[in-house]
Amino acid sequence: MSSNQELDQKGALLEQFRETRSRTLELVKTLEKDDFVVQTAFFMSPPKWHIGHVSWIYEAIMSKLDKNYEFYSKEFSEYLNSYYQQFGVPHDKGLRGVISRPTVDQIFQYFNTINQRVERFIESQTLDEHAIKVITMGFHHECQHQELLVYDLQHLLAEQYRPIRKNKVAKPNETDKKSACIKGGLYEMGYNGKNFCYDIELPEHKVYLKDYKIDIFPVTNQQYLKFMEDGGYETYKYWLSDGWEKVKANKWNSPMYWEKINDEWNVRDFLGIRKINPDEPVCHVSYYEADAYCKWAGKRLSTEAEWEKAACWNEEKQEKTIYPWGNDEPTNDKCNLLELYYWKCSEIGAFPNGVSPSGCQQMIGDVWEWTSSEFTGYPGFKSGFDEYNDKWFTNQKVLRGGSFATPKMSIRGSYRNFFRLDERWLFSGFRCAENI
């Protein structure tokens with residue numbers, strides 16, 4: 001690599017780093033100091049912790065690349081480590097909100113100090129391909145926490161959160177088509193591009209699929225309400241046994257954040273308490289709820305291979321693309337991601353420019369879509385970073401497609417998200433599939 005190429009590469013890394021860090025700060029810019037320390041549930045984290053953790057991970061990365069690197073503070077590392085045992089015993093996740101020190105001011109000072117350290121590291125080190133990939137992974141890890149932070153801000157503040165930017169929602173186009181027929185056969189699944197991807201998106205490998213149908217759109221609130229009105233939450237036969245136990249133990253009778261006011265269902269989210277919009281994708285449902293709905297409807301969830309083929313495979317051209325619309329990066333006319341700043345799901349039909357070759361819409365953005373696939377490594381999987389993804393290869397289901405809180409650089413058709421089957425504080429929905 002020539003010196004000019006190295007300078008260009010380092011310049012691109014620094015630009016991406018600064019852009020990512022700026023977006024993190026923008027998300028918390030309007031918070032009151034008291035907001036930063038509150039943990040409203042065991043599954044969420046205080047904003048203070050997110051700000052610190054996305055800085056600490058760069059320390060972990062620099063220590064991997066430079067054996068002489070010294071961490072900023074043992075106290076900070078113990079608090080900000082999420083689950084990496086190689087860096088010491090992590091603090092209990094459910095107790096992140098009971099820690100007053102380091103203070104909010106100290107965390108922001110730490111954030112700025114790590115900014116300077118990372119920039120100096122990039123500028124001064126000779127970076128090989130591995131180093132560039134691991135540093136870039138740090139940017140993508142921060143994007144993941146930006147999305148988690150949005151989940152947590154909704155749980156913490158809902159309509160009391162004041163975003164810096166907020167845009168009007170696109171108006172939907174009408175469509176009569178309900179489902180797409182997808183031809184089976186051998187399909188090569190996984191990431192096929194040349195830019196960054198996670199180790200769990202590799203290697204590309206062949207899977208055999210039978211012919212199937214998949215819905216053009218995610219299941220809407222209106223459709224899900226019919227399931228509820230038909231006794232969906234009271235009828236055992238639709239539910240997996242574990243799911244039924246969760247329904248009873250947690251008294252579930254609707255998606256998370258829904259509440260009944262004067263016999264009418266409402267949702268409380270970033271827009272406040274509002275009537276359920278029948279044309280928005282249903283959001284905040286667990287895998288168990290998605291699976292139960294599908295059984296009630298006489299359908300099923302797709303596998304992640306079926307989802308990916310419907311999203312990214314062009315049968316006519318016999319080629320696979322990175323996104324449903326092709327290989328160009330996401331733009332605001334194609335999907336509802338974080339940088340669109342809607343702060344909610346858009347109605348179905350709002351992004352016809354993002355349609356896949358199979359005719360499916362809104363496969364990127366709006367809601368993560370549950371699949372029936374277990375989260376595990378692909379055949380031939382090789383870990384790209386110790387204790388990152390492969391620690392979770394059990395008791396998790398794969399979700400695809402991103403949500404309205406997913407940063408643009410963080411999503412592609414092959415991206416595999418994963419959560420436990422009962423989790424629903426994330427922006428999660430689903431679409432149905434059927435055998436032919």
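This is a predicted model: local features need pLDDT of at least 70, side-chain atom pairs count only at pLDDT 80 or more; totals for chains, interfaces and linings use all residues.
The protein is divided into domain 1, covering residues 1-159, and domain 2, which is made of residues 179-220 together with 280-435. Between the C-alpha centres of domain 1 and domain 2 the distance is 27 Å. Where the domains meet, 29 residues of domain 1 are in contact with 26 residues of domain 2, and the area that the domains bury between them comes to about 2700 Å², with 64% of it on carbon and sulfur atoms.

Polar interactions also cross this interface, with 13 residue pairs in polar contact counted between domain 1 and domain 2. One salt bridge is found across the interface, and a salt bridge joins the side chains of Arg-23 and Glu-339, at 3.5 Å from N to O. On the side of domain 1 that touches domain 2, the elements that give two or more residues are helix 1 (3-28), helix 2 (47-65) and helix 5 (129-156), and helix 5 gives the most, with 16 residues.

Strand 12, residues 397-400, pairs with two other strands. Strand 11 (residues 368-374) pairs with strand 12 in the antiparallel sense over three bridges, and here Glu-369 stands opposite Arg-400. Strand 13 (residues 417-419) likewise pairs with strand 12 in the antiparallel sense over three bridges, with Asn-417 as the bridge partner of Leu-399.

In a regular strand, side chains alternate between the two faces of the sheet. In strand 12, Lys-397 and Leu-399 lie on one side while Val-398 and Arg-400 lie on the other, and all four residues are buried, so that both faces of the strand are covered.

Terms used
Residues are numbered from 1 along each chain as its sequence is written. Side-chain values use heavy atoms; hydrogens and water are left out. Buried means under 20% relative accessible area, exposed over 50%, partly exposed in between (1.4 Å probe, protein chains only). Two strands pair if DSSP finds at least two bridges between them. Domain bounds come from an automatic or database domain assignment. Contact means heavy atoms within 4.5 Å. Buried area is the accessible area (1.4 Å probe) that two parts lose on being put together, summed over both. A salt bridge is a side-chain nitrogen of Lys or Arg within 4 Å of a carboxyl oxygen of Asp or Glu. A polar contact is a pair of N or O atoms within 3.5 Å; within protein, one must be able to donate a hydrogen and the other to accept it, and residues adjacent in sequence count only if both atoms are side-chain atoms.
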